[in-house]
Amino acid sequence: MSTFASVRKVAFDTETTSPDPNEARIVTAALIVRGGDRPDHTMSWLINPGVPIPPETTEIHGIDDARAQTEGQDPATALEELADRLAQALAYGMPVIAYNLSYDWTVLTRELERHRLVPMSERLAGATALPLLDPLVIDKQVDKYVKGQGQRKLKPTCERYGVELTDWHTAEADALAALLIAEAQFEKHPQLNSMGPQQLFAAQKAWRAEQQAGLQKWFRTKATPEQGGAPDKVIDGSWPLVPAQRGEA
């Protein structure tokens, strides 16, 4: 029986212009392909987003306007390549992994709409159970009592699962981190291996709905104004197509 670590899979990450996925433009994106007794393969894109890149996001991913404009691909061309690669992987049944998946998936959805490209829903028409994995959703389910503000973010989550990286906040590094966390989760929690793609996809939707409901309750009853306690600031909806802020984790 194949283990999750041995299965050929894809990790996905974007670095963008905004924490709001409805407004964000993709600046860099990466797919990391791993497993299946074959060499790892990395695909990456540097994109000219067509809008100014705020200094605060440049501080995170290191790409400024000058570099994006001189080295970046045309967004429609790059987005078509990225969406096509993702659709192919999902059509083959390869797990696609992203940390805080709803953010990256929503960003891609909005970018395809913005550039009048074929949406993912049409590229994946007929698929009933997409092998999408979000290590953040899984982590909140299998380890519900992590203490400390910000401990669900990518870097401290890597530390809890023994994942070591020297580079952070590039799309390639963050995609690889998500993939390695997922592998560690399946090794640490063998019950995950017993779920087929349809069961696991449905389970994650249910887990995320429960987590979002708990988050809403916290905002209503415990959050201070400085923590965004106003109820109208809470994001609602179902996984994975509902917008999630980049900093939600």
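**A close look at strand S1**

Tutor: Let us begin with strand S1 and its partner S4 (residues 96–97), which pair in the parallel sense over two bridges, where strands are DSSP runs of E with at least two residues, helices are DSSP runs of H or I with at least four residues, both numbered from the N terminus, and two strands count as paired if DSSP finds at least two bridges between them. Residues are numbered from 1 along each chain as its sequence is written, and side-chain values use heavy atoms, with hydrogens and water left out. The model is predicted, so local features need pLDDT of at least 70 and side-chain atom pairs count only at pLDDT 80 or more, while totals for chains, interfaces and linings use all residues.

In general, strands of a sheet pair through backbone hydrogen bonds, in either the parallel or the antiparallel sense.

These strands belong to an open sheet of five, in the order S3-S2-S1-S4-S5, with mixed pairing. Strand S3 (38–46) and strand S5 (132–133) stand at its edges with a single partner strand each, so one side of each lacks a neighbour in the sheet. S5 is joined to S4 by two bridges, and the two run parallel, with Val-96 opposite Leu-132.

Returning to S1 (residues 9–16), eight of its eight residues are buried, so the strand is largely enclosed by the rest of the structure; buried means under 20% relative accessible area, exposed over 50%, and partly exposed in between, with a 1.4 Å probe and protein chains only. Lys-9, Ala-11, Asp-13 and Glu-15 point one way, while Val-10, Phe-12, Thr-14 and Thr-16 point the other way. In a regular strand, side chains alternate between the two faces of the sheet.

Helix H3 (residues 75–91), which holds Ala-89, lies across S1, S2, S3, S4 and S5 and runs at about 25° to S2, an angle taken on a scale from 0 to 180 degrees between the N-to-C directions of lines fitted to C-alpha atoms, for helices over the stretch in contact. Leaving aside residues up to four places away in sequence, Ala-89 touches Val-10, Met-94 and Val-96, where contact means heavy atoms within 4.5 Å. Ala-89 has 6% relative accessibility and therefore counts as buried.
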